[in-house]
Structure formats: structure tokens, C-alpha cells
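This briefing covers a two-chain model, grouped by topic. Please read it beside the sequence and the coordinates.

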Protein chains: 2
Amino acid sequence: MKQIIHLVFFSVFMLCGSASAETLQMTIHANRAVDLTQPMYTGMPYWPGTEPFKMERLADYDKGYRMHKFTLWENIGTHVDSPSHFAAGKGKRTIDQLPLDQLIVPIVIINVQDKVESNDDYQLAVADIVKWEADHGQIGKGCLVVMNTGWYKKFSDPQGYVNQDEEGVLHFPGFSAASAKLLLQREVAGIGIDTLSLDPGNDLSFPVHNIMLGANKYQVENMNNLDALPATGAIVVIGVLPVRNGSQAQARITALMA
Amino acid sequence: MKQIIHLVFFSVFMLCGSASAETLQMTIHANRAVDLTQPMYTGMPYWPGTEPFKMERLADYDKGYRMHKFTLWENIGTHVDSPSHFAAGKGKRTIDQLPLDQLIVPIVIINVQDKVESNDDYQLAVADIVKWEADHGQIGKGCLVVMNTGWYKKFSDPQGYVNQDEEGVLHFPGFSAASAKLLLQREVAGIGIDTLSLDPGNDLSFPVHNIMLGANKYQVENMNNLDALPATGAIVVIGVLPVRNGSQAQARITALMA
């Protein structure tokens, strides 16, 4: 009898444990961390036509405590797009359905700041990926591949960051459709960038969104501090808010490295 | 001349690097992860007198994409209290001022589910900490010390989770003031719990909040999945949204372990 009870307890314990602890695709060895998240504040940049971040003070120290209320669109600041964000990803994963083992992955940094310096509309070329792979080896399965355009350094200047011209056209760099297709062949977990969109600002047909979200991949926008990362060797922990049925959500993103 | 330019570039690079990469208090070795975050959704539990989480759908696939707007108080769901949340911590750190090396720390789990089973108002006793230390050694400096009350299992039943009686008194477990004072002596980074508050629900004088926030420590509330963690040996990555001047903010919290 005692043995049976022990067996039952053991089975329940095993079930609980296995339901919650996910095995990662790799082993993490790290003793340094970098914050890849932009600060959130009234006045932070936002996509034209959406609403700015709102923060109201509801109570202050005369009541003994301070309390704020946030109002925000799901796409402001450092955030993740789930496949369900676009019609191309309809029926695919919502933001709360991305598993931990795809949110804790190796991060690849492709630095194109020299190209962007002379071209706000620069698109990541297949040749940039080929060059990266010649230097560092083929991009492994399950990585987050991030374009470091240097644009994140403009975040505190919302006008420069959004960079809308007199005709209303946005100008900031992004991925090309061809580069996105190559990254799908590499079986990435997702792609990321340090601008408002994975697509270049001047292409509102969103080819990259359609390719990546249609393929059930996620995307990270408005990343920060990318110069502090090596081209390869760091691991990213994407702390995206698990909003049920959310198409996107804000994230605190941390890179870990040795 | 060329050498001088190189030196200048090198110095700038080093400055950028050292400004962003923070050394952690320990080395992380991990290949498994556990999500310690409660899901966010309309109808999720909230502190009586505050407002529920609101999620509006602003656009859907007939427009080519899906978009939501979130309205939420800074204290709903899994979140972190900064010292500035209470008058006792006035002038101390806001939520965006907690450094990464205090947000990526060893996590200590003190399991008191057997005590809570017969007492919704259970307070963590000094004896519980003494017992934990007899089993596992003294709690090290810089840990997040978390009470596993088992209460997180009620989260999907908001009425049971908030547990307000007919007189309006809340009933859920929390830390005692004496246990909080002992943990300050241990120089913890912060404390956490799987209920609405670090203080037991029936004590609205918030002694634990006053002690911990007054000592410039942070607190984590509404944690999830604590049974999946060992008493010691895991590391937590607290992905709290870096809201400038926020007194609290939502967080995605992940535990890493070997």
C-alpha cells in the first residue's frame, strides 16, 4: 500500500515537472548580460497613425503609494510580432503561444551600419548574409537573426527615428524579401531589427512581414544596444508579455554571453 | 595619424561596450527553462478597487493585419514593485532603474503549501527560513527569495485567487514582517510570491512592503509555476518592462536551470 502511494505521488510530481520545465536547444554558459530593450516613456517613438504611449498617475505618496495606468498599442517600443499579426499568418501562433525554447535562442548580429550611413532606405542583401557566413560559418537552425542598422541610437529623437518625409513616406532600413527567404531556408526561430519595422520604412506592402509571419516565424522590432553584442556567441532571452490571443506584445529582451 | 585614429575608434568602441555589457554576480549554466509568468487576458484577477485588464481589437484581417490596444494598471498580473512604489521608498529606485545584475539572480524557493492548506492567512515564519537554511545552507547575498504558497494554481479562478470575504477582507498568504527583516539581513536582491501581494491579504497596513521597499529592494507578485523549481540551484531572468519613472511594471519571468 505504502509503495503504491509513493508511486502515485512520484507520477504526479513527474507530470507537474515535465509540464513546466522545457528543455532548451542548447546549454547556456554566461556571466555577462546586455539589455536589448528601449525605454518606455511618454514621448517615445511610435508608428505614424497609431497612438503614443500613455502613462497616467492615479495615486501618489500623499496616499502612501504611487500608482500608474498604462495605455499602449501592442506594437509600441521593443516588442514581438507573432505570426497571427498578419493575415498571412491567420490561424497560426498568437503571442502567448511562442514556446520558451524559441524565445531563448542564439542571436546572430549582421552589422550593416556602414551601408545605412549613406542610405536610410538600405535593405539587407543576400550578399550581406553570404558575407556573414563566410566570416562566421553558416547560420544555425533556430537562431534569432538581427540586423544591426545602428538606427537604435536615434530612438531618443522620435522625429529622426520615424523619419517621415514631406510626402509622408517613412525612411529607415529593413530586410529585403530575398534575405528573408534565405533566412527561412536557414530555419531561423525569428528575425529582429533596431527600427520600427522589419520591412524598410518605404515599403508599406510589407513583403518581409508576409514571408516571415506566413511561415509561422516571429519578429522583434525596436531593439536596442546591438553594438554591445558579438556577431555570434550570445544567447537572447525574449521576455515577451504572454497576452492571450495577442498579435504582438511588449518585451524585455536580455542577451547573455560569456 | 592613422594610429591615432585607430586609437580613438578603439576607445569609443570600448566605451560603448563597457557601458552596455553588465557583469553578473555568477556564471549561468543552464539547459532547461521554466516560465514563471501568469497569462494576461480579459478577466484575469486584479486587486479589488483597481481596473481589470482591457484589450481592444483595433484592426483585423480584413485590413490585412490584426492590432490590439492594452489598458492596464501597473500592478496587474505578474509584475515587479520598485522601491518607489511606496512612500517608504520615496526617492529610491523606479522600475527602470533596477540593474540587470539584480534582475538575473539565483532564486530560492521556500515551499509552505502544507501550512497554507489549512490557513489561507498563513504568514511566512522566521522558523520556515531557519528550516530552509538547515536543509540547504544559509541564503546567499543577492538572491530572489520566493514563497511558494501554491496559490498560483487558483489564478484561473479569480474569485478564489482574490478570496475576499463578506466583510471585504482579502485572504491569501504572505510574508511576515519578521521574515522580511531576516531576509534583509541576508542582503537579498528582492522577494517574490505567487499571490496578489507580498503582505498577507488581511493586512492592509503593508508592513512587508514598507520594510522591503524602504530598504530599496524590489518585490515580485503573482508568480506562476513555482512547483517546477528546485529549492535552490535555478537562476531567474526578470524581464520587467523598463517604464521610465514607473513604480511597478509587468514582467515576463523565466527560470533557467541545469
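This is a predicted model: local features need pLDDT of at least 70, side-chain atom pairs count only at pLDDT 80 or more; totals for chains, interfaces and linings use all residues.

In β12(B), Ala251(B) is the bridge partner of Val240(B). The pairing of β11(B) with β12(B) is antiparallel and runs over six bridges.

**Strand β11 of chain B**

- β11(B) is mostly covered, with seven of its seven residues buried.
- Ala234(B), Val236(B), Ile238(B) and Val240(B) point one way from the strand, while Ile235(B), Val237(B) and Gly239(B) point the other way. Residues on both sides of β11(B) are buried.
- In a regular strand, side chains alternate between the two faces of the sheet.
- β11(B) also pairs with strand β5 (residues 104–111) of chain B, antiparallel and through four bridges.
- Within that pairing, Val105(B) stands opposite Val236(B).

- Chain A contains seven helices and 12 strands.
- The C-alpha trace of chain A spans about 80 × 60 × 40 Å along its principal axes.
- Chain A has 258 residues, of which 48% count as buried.
- Counting contacts in chain A between residues at least 6 apart in sequence, 73% join residues at least 24 apart.
- In soluble globular proteins, nonpolar side chains tend to be buried together.
- The largest nonpolar core has 149 residues, and Ile107(A) and Ile107(B) touch the most other members.
- Leaving out residues up to four places away in sequence, Ile107(A) touches Cys143(A), Leu144(A), Val146(A), Leu229(A), Ala234(A), Ile235(A), Val236(A) and Ala255(A).

**Contact between the chains**

- How many residues of chain B are in contact with chain A? The contact involves 59 residues of chain B and 59 residues of chain A.
- On the side of chain B that touches chain A, at least two residues each come from α1 (2–20), β1 (21–35), β3 (67–73), β11 (234–240) and β12 (248–257) of chain B.
- β1(B) gives the most to this side of chain B, with 13 residues.
- By class, the side of chain B that touches chain A holds 29 nonpolar, 19 polar and 11 charged residues.
- Strand β1 (residues 21–35) of chain A pairs with β1(B) in the antiparallel sense over nine bridges.
- Ala21(A) stands opposite Val34(B) in β1(B).

**Relation of the two copies**

- Two copies of a chain are related by a rotation about an axis and a shift along it.
- Here, chain B is superposed on chain A by a rotation of 180° with 0.0 Å of shift along its axis, at an RMSD of 0.0 Å.
- The two copies are therefore related as by a two-fold rotation axis.
- Of the interface residues of chain B, 100% are also interface residues in chain A, so the copies meet through the same surface.

- An open sheet of four strands has the order β2(A)-β3(A)-β3(B)-β2(B), and its pairing is antiparallel.
- Which strands are at the edges? They are β2 (54–59) of chain A and β2 (54–59) of chain B, each of which pairs on one side only.
- From one strand of this sheet to the next, the twist averages 15°.
- β2(A) and strand β3 (residues 67–73) of chain A run antiparallel and are joined by five bridges.
- Glu56(A) stands opposite Lys69(A) in β3(A).

**Positive phi angles in chain A**

- Most residues other than glycine have a negative phi.
- Glu187(A) has a positive phi, near 55°. Glu187(A) is placed in the loop between α6 (177–185) and β9 (190–193) of chain A.
- Is Glu187(A) buried or partly exposed? Glu187(A) counts as partly exposed because it has 13 C-beta neighbours inside 10 Å, where a buried residue needs 20 or more.
- Asn225(A) also has a positive phi, near 60°. Asn225(A) is placed in the loop between β10 (218–221) and β11 (234–240) of chain A.
- Asn225(A) has 21 C-beta neighbours inside 10 Å and so counts as buried.

Note on methods. Residues are numbered from 1 along each chain as its sequence is written. Chains are lettered from A and ligands numbered from 1 in the order in which they are written. Two residues are in contact if their C-beta atoms, placed from the backbone, lie within 7 Å. Ala, Val, Leu, Ile, Met, Phe, Trp, Tyr, Cys and Pro count as nonpolar, Asp, Glu, Lys and Arg as charged, and the others, Gly among them, as polar. Two strands pair if DSSP finds at least two bridges between them. Copies are superposed by least squares on the C-alpha atoms of residues with pLDDT of at least 70 in both. A residue is buried if 20 or more other C-beta atoms lie within 10 Å of its own, exposed if 12 or fewer, and partly exposed in between; C-beta atoms are placed from the backbone. Axes are lines fitted to C-alpha atoms, for helices over the stretch in contact, and angles run from 0 to 180 degrees between N-to-C directions. A nonpolar core is a set of buried Ala, Val, Leu, Ile, Met, Phe, Trp, Tyr and Cys residues joined through C-beta atoms within 7 Å.
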